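Subject: A structure to look through

Dear colleague,

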Amino acid sequence: MSKLPPALAAVPFPVIGSPLFIISNPKLVIAQCIAGVVGSMPALNARPASQLDEWLSEITEGLAAYNKAHPDQPAAPFAINQIVHKSNDRLEHDMAMCVKYKVPIIITSLGAREEINQAAHSYGGVVLHDIINNKFAHKAIEKGADGLVAVAAGAGGHAGVKSPFALVQEIRQWFDGPLALSGSIASGQAILAALAMGADFAYIGSAFIATEEARAADDYKQCIVDSNSDDIIYSNLFTGVHGNYLAPSVRNAGMDPDNLPQSDPSKMDFGGDKSKAWKDIWGCGQGIGAITKVQSTADLVAQFKREFAQAKAKLVH
C-alpha cells in the first residue's frame, strides 16, 4: 500500500465514487461520503456556474453536520472533478470555488496543468489525475499531481483499452504514490482484486448510477440492472473521445450500435451544444452484470463491504 496523504488515509473503505457527468449531485456525494467512500461530482454538473458555490456549500455543511453528530464514525472526504481540456471555459471559475471551500480532493481529467495542481496544493488539497496509459501517468506526476486514477479497459464513460493488470503493473514499477483503479469494478470481490494488484482504491462509477440518490432517469437505472457486458459498446462518436456506452440507449436514439461512425477528436465537446444532442446516450462500464437492483447508496456500499469481507476470508482460508 502507498503512503497516503491525510485526506486519502482518512477514507474508511477503499473506494472512490467516480464523478458521473450530469448524474452526480450533492445528494449522491453526501450519501457516498457518509457510507464511508469518497463521493465526487464534476464541477460542470452545476449549471449555471453560479450553482457550484451553492452545491459546495451544501456538501461541506452537510458533511460537517454529520461529522459533528457522529464523531466516532466520520464521513469520507469528497472530491470535485475538473475537466482540464481547452473546451472548458469555466475551469478558472470552478477552481476558484474549490479553493474557496478547500475541497479535499480534486480529480483532473483530459489534460494535466501545473496551475490547477498548485491551486489545490495552496490549501492542502490532493490532486488525482486520471490516465489511460503509462505515458500519461508520467506526464501527470511530472506536472505535480499527487496521485493517479488508472482508467483501464471496461470503465464507464471515457475509458482506455489497457488491461488493468498491465496498467497497474507498469505504473507501480516507478510510482509508489496514491493509485486508484477504474474499470469494470462493481462488487466487493473486484474491490479486493484492485487492492491485490497494487491499487490503493477501487474507482467505481456505473454501480452508483443505479442508486436512489443518483440524478439519472429511471429508465437508465433499470437498463443498467437489466444489462451486462455484452450490452456495452466502445465509441468516440459522442464526445470525440472513446468511451463505453449502453447499446440500448444508442438504439433508442435511432442509431445502430454495431455500425457507428467515427468522430473527429479535434471536435471534443464536454458540456457544449453537441453534448446536448447526446444527452440520452448512457455511459456505462462493463462491470454492470454484478448490478441486480436499484438501491440506496448506503445499501450498495454495505453490499460492497460484505462481499469484500467474504472474499478476503476465502483467501485467508
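In which hand, left or right, does α3 pass α4 in their crossing? Before the answer, please keep in mind that this is a predicted model, in which local features need pLDDT of at least 70 and side-chain atom pairs count only at pLDDT 80 or more, while totals for chains, interfaces and linings use all residues. Residues are numbered from 1 along each chain as its sequence is written, and side-chain values use heavy atoms, with hydrogens and water left out.

The answer is that α3 passes α4 in a right-handed crossing; a crossing is right-handed if the near helix is turned clockwise from the far one by less than a right angle, and left-handed if anticlockwise. The helices (H or I, at least four residues) and strands (E, at least two) are DSSP runs, numbered from the N terminus. The axes of α3 and helix α4 (residues 91-100) come within 10 Å and cross at roughly 25 degrees, where axes are lines fitted to C-alpha atoms, for helices over the stretch in contact, and angles run from 0 to 180 degrees between N-to-C directions. The two helices α3 and α4 are therefore roughly parallel to each other, since angles under 35 degrees count as roughly parallel, over 145 as roughly antiparallel, 65 to 115 as roughly perpendicular and the rest as oblique. Their contact (heavy atoms within 4.5 Å) is made by Leu52, Asp53 and Leu56 of α3 and by Asp94, Met97, Cys98 and Lys100 of α4. By class, this contact of α3 with α4 has 4 nonpolar, no polar and 3 charged residues, with Ala, Val, Leu, Ile, Met, Phe, Trp, Tyr, Cys and Pro counted as nonpolar, Asp, Glu, Lys and Arg as charged, and the others, Gly among them, as polar.

Helix α3 (residues 51-69) also meets helix α2 (residues 26-35), and their axes come within 10 Å and cross at roughly 25 degrees. Here α2 passes α3 in a right-handed crossing, and the contact is made by Pro26, Val29, Ile30, Cys33 and Ile34 of α2 together with Trp55, Glu58, Ile59, Leu63 and Tyr66 of α3. The contact of α2 with α3 has 9 nonpolar, no polar and 1 charged residues.

A further pair is helix α8 (residues 188-197) and helix α13 (residues 297-316), which pack at an angle of about 60 degrees with their axes 7 Å apart. These helices, α8 and α13, are therefore oblique to each other, and their crossing is right-handed. Among the residues in this contact are Ile191 and Leu195 of α8 and Phe304 and Phe308 of α13.

Two places in the backbone also deserve a careful look. Most residues other than glycine have a negative phi, and most peptide bonds are trans. The peptide bond from Arg47 to Pro48 is cis, with omega near 0 degrees, and Pro48 is found in the loop between β2 (39-42) and α3. Lys102 has a positive phi of about 50 degrees although it is not a glycine, and Lys102 lies in the loop between α4 and β4 (105-109).
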